[in-house]
Amino acid sequence: MSNWDLMMPGMGLTSIGLAGVVLAYAGIAETFIDGLHALSGLTMFVGLIFLAVGILDGGISTSNKAKATTLVVISIGLGFGVFGLTYNTSNYTITLAGILMGIAFPAIIIAYLAMKHPNIVKPIGSIVAMAGATGIIMWLAFGFAGPDPYIIPQQVEEVVIEETVDASKSVLPVGILAGSSVEGEPDYDPDTATVESGYVVEWTNADDQLHTVTSKADFGETFDSGLMNAGDTYTLDTSGLEIGTYEYFCTVHPWMTGMLVVDAAGGTAPSEIVVIPIEAQTVSEGQIYYDPEDIEISAGTSITWENQDAALHTVTSGTVDEGPDKLFDSGIMAADEKFEYTFAESGEYDYYCVLHPWMTGTVSVT
């Protein structure tokens with residue numbers, strides 16, 4: 001019989017961990033970005049270990065509950081296996097998957113025979129072992145000396161694909177720094193890249209880990225590099241982007257964030273400054289929270305918010321009643337920190353401080 005004292009916590013840990021991993025990597029809950037997605041994955045795998053031990057405690061159970069639980073474990077394992085196989089860029093992934101299946105299938109067959117027909121386990125096991133040994137020997141032998149791949153020589157026409165680069169366009173290099181996968185370390189260099197419309201921005205992964213360059217507001221719809229191996233580059237022609245500010249991040253290490261500012265061609269975009277004054281967090285009559293609280297600018301103008309207060313603040317687009325609209329967000333701004341955003345389209349934009357919701361401001365773009 002299965003040990004339900006082990007299976008029950010196993011199912012609980014597996015469910016909690018699986019929910020955390022799904023929320024983290026689906027981008028639904030950004031509370032998981034600080035490494036908690038890894039903790040969620042560890043919780044899930046610990047739960048799977050408890051489940052497996054509970055199912056096999058006292059032998060292989062034939063109860064319907066144990067069978068159903070086994071199917072759940074297998075489904076989770078296959079789901080993550082397919083996900084890993086799909087997104088893994090290693091050249092050896094298929095080979096490793098084949099080796100695992102080559103080990104798993106004979107093991108399942110021998111385990112079944114040991115339970116149902118123990119008298120034929122030895123001869124079947126011997127056959128499987130000899131077949132495996134023969135396959136390994138042949139594979140190694142043909143690796144050193146094998147026949148020509150074709151009996152009749154094939155005439156292969158060499159096709160040379162030339163990559164053309166528009167030399168007239170200026171290129172701004174941005175580095176993904178070594179060690180940037182560690183939270184808190186410098187990641188993109190420069191952290192805020194400002195270019196004229198029409199420039200080409202080229203990111204180069206100088207780290208030994210996989211990284212991405214993914215637009216954050218729409219989770220990659222504006223631009224997305226996909227997984228970048230060490231030494232890979234990703235180029236983005238800003239001609240197709242509107243004038244404005246684009247925050248981006250690494251989907252593999254979500255704490256890595258950067259900013260791309262696209263200015264109007266032919267010169268630097270106009271800019272304005274809004275100050276967060278001292279004691280801005282204080283609710284009192286006559287207190288100024290953003291200076292100016294209402295500002296009128298023309299399309300293509302950048303606004304830089306400066307936190308001159310000693311308290312933490314944010315500049316978050318949206319309203320207190322409806323919440324953030326994800327157009328722009330400074331994140332937590334400590335004393336003397338700045339946040340810049342370029343307004344590309346006309347309209348009226350409300351913003352506020354999520355830490356002190358009574359602090360509100362408006363940008364009118366004409």
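A: A salt bridge is a side-chain nitrogen of Lys or Arg within 4 Å of a carboxyl oxygen of Asp or Glu. Accessible areas come from the Shrake-Rupley method with a 1.4 Å probe, and for residues only the protein chains shown count as cover. Also, this is a predicted model: local features need pLDDT of at least 70, side-chain atom pairs count only at pLDDT 80 or more, and totals for chains, interfaces and linings use all residues. Residues are numbered from 1 along each chain as its sequence is written, and side-chain values use heavy atoms, with hydrogens and water left out.

Q: OK, which residues make the nonpolar surface patch?
A: Leu39, Leu42, Val46 and Phe50, and the patch is about 330 Å².

Q: Where is Leu42 found, then?
A: In helix α2, residues 36-56. Helices (H or I, at least four residues) and strands (E, at least two) are DSSP runs, numbered from the N terminus.

Q: And why does Leu42 count as exposed?
A: Because its relative accessibility is 53%. Buried means under 20% relative accessible area, exposed over 50%, and partly exposed in between (1.4 Å probe, protein chains only).

Q: Zooming out, how many helices and strands are there?
A: Five helices and 16 strands in the protein chain. Of its 366 residues, 31% are buried. The chain exposes about 22,200 Å², with 61% of that supplied by carbon and sulfur atoms.

Q: Now inside: which residues have the most contacts in the largest nonpolar core?
A: Tyr290, Trp305, Val315, Phe343 and Val363, in a core of 23 residues. The strands that each supply at least two of its residues include β8 (257-263), β11 (301-307) and β16 (360-365). The largest share, three residues, comes from β14. By nonpolar core I mean a set of buried Ala, Val, Leu, Ile, Met, Phe, Trp, Tyr and Cys residues joined through side-chain atoms within 4.5 Å.

Q: What is Phe343 in contact with?
A: Leaving aside neighbours within four places in sequence, its contacts (heavy atoms within 4.5 Å) include Ile297, Trp305, Phe328, Tyr349 and Val363.

Q: What about a second core?
A: That one is separate, has 20 residues and includes Val174, Tyr246, Met256 and Val262.

Q: How many bridges between β15 and β16?
A: Six, in the antiparallel sense; Gly347 is the bridge partner of Val365 in β16.

Q: Last one: is Asp218 buried or partly exposed?
A: Partly exposed, because its relative accessibility is 24%. Asp218 is in the loop between β5 and β6 (233-237), and its C-alpha is 9.9 Å from that of Glu247, 29 residues apart along the chain.

Definitions and conventions. Patch = residues over 30% accessible without salt bridge, like charges linked within 9 Å, V, L, I, M, F, W, Y side chains within 5 Å. Pairing = 2+ DSSP bridges.
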